[in-house]
Amino acid sequence: MAEIRIAFDAMGGDYAPAEIVKGAVEAANNNPDVKMILVGDQDAIKNELTGLTYNKDQVTIKHASEVITCEEAPVAAVRSKKDSSLVVAAKMLKTGEADAMISAGSTGAVLVGGQLMAGKIRGIKRAPLATMFPNVKGASLLLDCGANVDARPEHLVQFAKMGTIYLEHVVGVKNPKVGLVNIGVEEEKGNALVKETYPLLKETEGINFGGYVEARDVFDGEFDIILAEAFVGNVILKEAEGLANTIVKLLKQGLMSNLRSKMGAALAMPAIKETLKVFDASEYGGAPLLGLNGLVVKMHGNSTAKEVQAAVRQCINFKEQGINDKIREQFKK
């Protein structure tokens, strides 16, 4: 495997820099051909590295004196905090010092910084966030889940093309089936956006378009790609996360309500935990921002070392499969 260089926004996220540093080191120990560049306050990072065993040529620090918080306006923060860990990591994509960037920081700032610094591949009009989304058969790719709330029909068609390439070559799903999110499955239903997008998807070569999918059916596994503009996609994602948390709370309440249920819980708990793993974001890593000249992976703000390692695996697969080259080739046509 060729060497891959990953720049981490080590100061971004609820548990930064501790979990970011820990995850990067563990990933480095499992992947000797990957170089981890921890971007952020060097003293804070060095403190987290103390006591950890790692190859010092493989894990390095690039100092950045500022941090962008989630409370700041993304565009203004990226422009004013040029020495922030997020911006410095993104600049490394632009200069070629890094092949990929991983951040659990402000979503808006990651989107702005990634697109400004790395730039979009020629022919790409918008870069969508794509995340793996649980269903009863495994997982689907949900895109866009947060980047483009004002997408047009031609943007959604491009999202479907890029999602197909990503799912086929990184996840290994052959000829993935695309479903366009709508309020019904009849062709004449929906708002102007989906009704204009539907015929375009039907006519586009290289996309296995299966029609509309209602929000209640995104969990049944019929579709490999769940396609929507970012407002709808993000609502689906957040609703699913909230529902999963609610189900877990209700299960705990019910199972702990009396002695009999507690006895049953002791027997059922291993199976319940295994089933609920499908809702564990750390199993999937982060959401790549597709269509850029470098790879930007956005993790959840509460990401731990386990999710950092999964995100590193995403970067390795993305690079090994030459996803950006495949996207460039697709959009030359």
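Contact is taken here to mean heavy atoms within 4.5 Å, and helices (H or I, at least four residues) and strands (E, at least two) are DSSP runs numbered from the N terminus. The structure is a predicted model, in which local features need pLDDT of at least 70 and side-chain atom pairs count only at pLDDT 80 or more, whereas totals for chains, interfaces and linings use all residues. Residues are numbered from 1 along each chain as its sequence is written, and side-chain values use heavy atoms, with hydrogens and water left out.

Five strands form an open sheet of mixed pairing in the order E5-E6-E9-E7-E8, two strands being paired if DSSP finds at least two bridges between them. Strand E5 (130-135) and strand E8 (208-214) are the edge strands, each pairing on one side only. Strand E6 (residues 138-143) and strand E9 (residues 225-227) run parallel and are joined by three bridges, with leucine 143 standing opposite leucine 227 in E9.

Helix H6 lies across E5, E6, strand E7 (177-182) and E9, and runs at about 160 degrees to E9; axes are lines fitted to C-alpha atoms, for helices over the stretch in contact, and angles run from 0 to 180 degrees between N-to-C directions. Helix H7 (residues 192-203) also packs on the sheet, where H7 touches E7, E8 and E9 and makes about 155 degrees with the direction of E8.

Lysine 56 lies over the face of tyrosine 54, at 4.9 Å from the ring centre, and the charged end of lysine 177 sits over the ring of phenylalanine 223, 5.0 Å from its centre (criterion: NZ of Lys or CZ of Arg within 6 Å of the ring centre and within 35 degrees of the ring normal).
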